[in-house]
Amino acid sequence: MTQDKHHKRWNEIKTNDSWAIFKIMGEFVYGFEKMGLIGPCVSIFGSARTKSEDPNYILAEKIAKRIVEAGYGVITGGGPGIMEAGNKGANLAGGTSVGLNIDLPFEQHDNPYIDSDKNMDFDYFFVRKVMFVKYSQGFVVMPGGFGTLDELFEAITLIQTHKIEKFPIILVGTTFWKGLLDWIKATLLESNGNISAKDMDLIHLVDTEDEVVSILNSFYNGSALSPNF
């Protein structure tokens with residue numbers, strides 16, 4: 001006979017939540033101490049499912065190289081696909097290559113292009129997301145899935161609500177992103193007034209590595225680089 005699955009009672013859940021606070025605090029301390037030593041970086045996001053022969057993988061690698069040549073390091077989620085391409089480009093260009101890994105039931109595994117002393121593991125998505133936002137001088141967003149969209153809209157929301165300092169959010173791939181941007185403009189802005197017209201200015205849409213670096217350089221020309229909060 002199969003034993004019935006034990007369902008935790010409310011007081012058991014409450015007790016576990018109290019102890020989880022210490023683990024969460026530990027991840028924040030670990031992340032802040034490690035990331036605070038790395039210096040200015042740009043985060044690259046995109047699908048873990050992108051193959052190495054895909055044009056988006058190749059472009060992400062080129063973008064990462066150019067970002068390093070412009071004086072930044074590169075942060076990714078540390079996994080395969082676009083994340084691997086970002087770390088690979090940074091590594092081959094001799095720059096800082098950071099991987100913020102998360103334990104997932106599928107897709108996620110470390111890629112081999114992360115600096116050995118900058119390969120970090122997190123259990124909590126929200127702690128990992130804080131590291132991306134706090135220590136990135138810009139987001140480069142390649143084609144991806146729900147996780148990529150999550151990071152994109154999180155950054156837009158935090159900047160829109162003035163919870164963090166403004167930094168460039170760069171979508172790469174007109175064919176992939178144009179439909180989403182058209183919907184945001186037509187439905188959120190013009191039809192329903194759910195955002196302001198100036199919110200559209202938070203997002204840049206490009207197709208090449210040169211455009212990515214140009215936006216970063218223009219934004220930070222004469223400005224100090226620092227953590228975002």
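Visitor: How many residues of helix 3 are buried?
Guide: In this predicted model, 8 of the 11 residues of helix 3 (82-92) are buried, so the helix is mostly covered. Buried means under 20% relative accessible area, with exposed over 50% and partly exposed in between (1.4 Å probe, protein chains only). Helices are DSSP runs of H or I with at least four residues, strands are runs of E with at least two, and both are numbered from the N terminus.

Visitor: Which ones are buried in helix 3?
Guide: Among them are Ile82, Met83, Gly86 and Ala90.

Visitor: And what covers them?
Guide: The cover includes strand 1 (41-45), helix 2 (55-69), strand 2 (73-76) and strand 3 (97-102).

Visitor: New topic: is Lys129 buried or exposed?
Guide: Lys129 counts as buried because its relative accessibility is 13%. You'll find Lys129 in helix 4 (residues 125-135).

Visitor: What does the side chain of Lys129 make a polar contact with?
Guide: With the side chain of Asp150, at 3.0 Å. A polar contact is a pair of N or O atoms within 3.5 Å; within protein, one must be able to donate a hydrogen and the other to accept it, and residues adjacent in sequence count only if both atoms are side-chain atoms.

Visitor: What about Phe132, buried or exposed?
Guide: Phe132, also in helix 4, counts as buried because its relative accessibility is 1%.

Visitor: How are these numbers set up?
Guide: Residues are numbered from 1 along each chain as its sequence is written, and side-chain values use heavy atoms, leaving out hydrogens and water. Local features need pLDDT of at least 70, side-chain atom pairs count only at pLDDT 80 or more, and totals for chains, interfaces and linings use all residues.

Methods. Contact means heavy atoms within 4.5 Å.
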